[in-house]
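Thanks for coming, everyone. I'd like to walk you through one model today. Please have a look at the screen.

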Amino acid sequence: MRRDRSGWVAAVAVAGAVVTGLLTGAAGQAAKLELAQNSATEGADAKSPFSAMSVGEVDAEECKSPRPPRDLAPSAYIRNGHVAIRRIMAAEQWQETKSCECIVSDISWEDVVKEAENYVTSDSSRLPFDVVALNEQADELEAKRTEACTE
């Protein structure tokens, strides 16, 4: 069942009034009781305004690198660079083997960290890679793989 907006607006207004203390005495108690009953009678499948705004599930890509462990690097920027390097390594292995199997998960994070030394573009320990360029390179290689494997 879907509620109309006026019901939600009224419920929010009453809840706000109860919380701020504007409705006191019997009126406040009645409002609290009504709010409690409404929330208790709504089923788990009831649509709230927030569930209506929620993002639906995204279809999982066929061959995607899993998230790296947090302890792999001190910042998300560096971890994102490691993900891109892992994607590049997998695509380079595809170029060598021409196998269309997903091998990105077969590459260990330890191997990625060792290989990352070859992709360092800066002396800065906080920004050692050009992550945008690495992602572009990985996207290009993966596009070639996808094109070859869908034919």
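Some ground rules. This is a predicted model, where local features need pLDDT of at least 70, side-chain atom pairs count only at pLDDT 80 or more, and totals for chains, interfaces and linings use all residues. Residues are numbered from 1 along each chain as its sequence is written, and side-chain values use heavy atoms, with hydrogens and water left out.

Disulfide to begin with. The term covers a pair of cysteine sulfur atoms within 2.5 Å. How many does the structure hold? One. Cys 100 and Cys 149 make it, with their sulfurs 2.0 Å apart. The angle about the S-S bond is -90°, so the link of Cys 100 and Cys 149 is left-handed. Where do the two ends sit? Cys 100 is in the loop between α4 (76-97) and α5 (109-116), while Cys 149 is in helix α6 (residues 131-150), so the bond ties together parts that are 49 residues apart in sequence. Helices here are DSSP runs (H or I, at least four residues), numbered from the N terminus.

Cys 100 has 38% relative accessibility, so it counts as partly exposed. Cys 149 has 25%, so it is partly exposed as well. The cut-offs: buried is under 20% relative accessible area, exposed is over 50%, and partly exposed is in between, with a 1.4 Å probe and protein chains only.

Next, salt bridges. The rule asks for a side-chain nitrogen of Lys or Arg within 4 Å of a carboxyl oxygen of Asp or Glu. By that rule there are three.

Take Arg 87. Its side chain meets that of Asp 139 in a salt bridge, 2.3 Å from N to O. That pair links distant parts of the chain: Asp 139 is in helix α6, Arg 87 is in helix α4, and they are 52 residues apart. Arg 87 also bridges to Glu 142, with the closest N and O atoms 2.8 Å apart. Because Arg 87 lies in α4 and Glu 142 in α6, this pair ties together parts 55 residues apart in sequence. Arg 87 is buried, at 13% relative accessible area.

Lys 144 and Glu 140 meet at 3.8 Å, N to O. Both lie in helix α6, four residues apart, about one turn of the helix. Lys 144 is partly exposed at 41%, and Glu 140 is partly exposed at 49%. As for shared partners, salt bridges join Arg 87, Asp 139 and Glu 142 into one network.

Now an arginine without a bridge. Arg 79 is in helix α4. Arg 79 is buried yet has no salt bridge. Which side chain of opposite charge is nearest? Asp 71, at 8.0 Å. For charge, Lys and Arg count as positive, Asp and Glu as negative, and His and the chain ends are not counted. Arg 79 touches Pro 68, Pro 69, Arg 70, Ala 73 and Pro 74, leaving aside residues up to four places away in sequence. Contact means heavy atoms within 4.5 Å.

Follow that to Ala 73. It is in the loop between α3 (49-53) and α4. Ala 73 is buried, at 6% relative accessibility. Its C-alpha is 9.3 Å from that of Val 113, 40 residues away along the chain.

Then the rings. A charge sits over a ring if NZ of Lys or CZ of Arg is within 6 Å of the ring centre and within 35 degrees of the ring normal. Arg 86 lies over the face of Trp 109, 4.1 Å from the ring centre. Lys 98 has its charged end over the ring of Trp 94, 4.7 Å from the centre.

Stay with Lys 98. It is in the loop between α4 and α5. At 54% relative accessibility, Lys 98 is exposed. Its phi is positive, near 60°, in a residue other than glycine. Most residues other than glycine have a negative phi.

Last one, Arg 145 in helix α6. Arg 145 is buried, at 13% relative accessibility. Its contacts beyond four places in sequence are Trp 94, Cys 100, Glu 101 and Cys 102. So we end back at Cys 100, one of the disulfide partners. Thank you.
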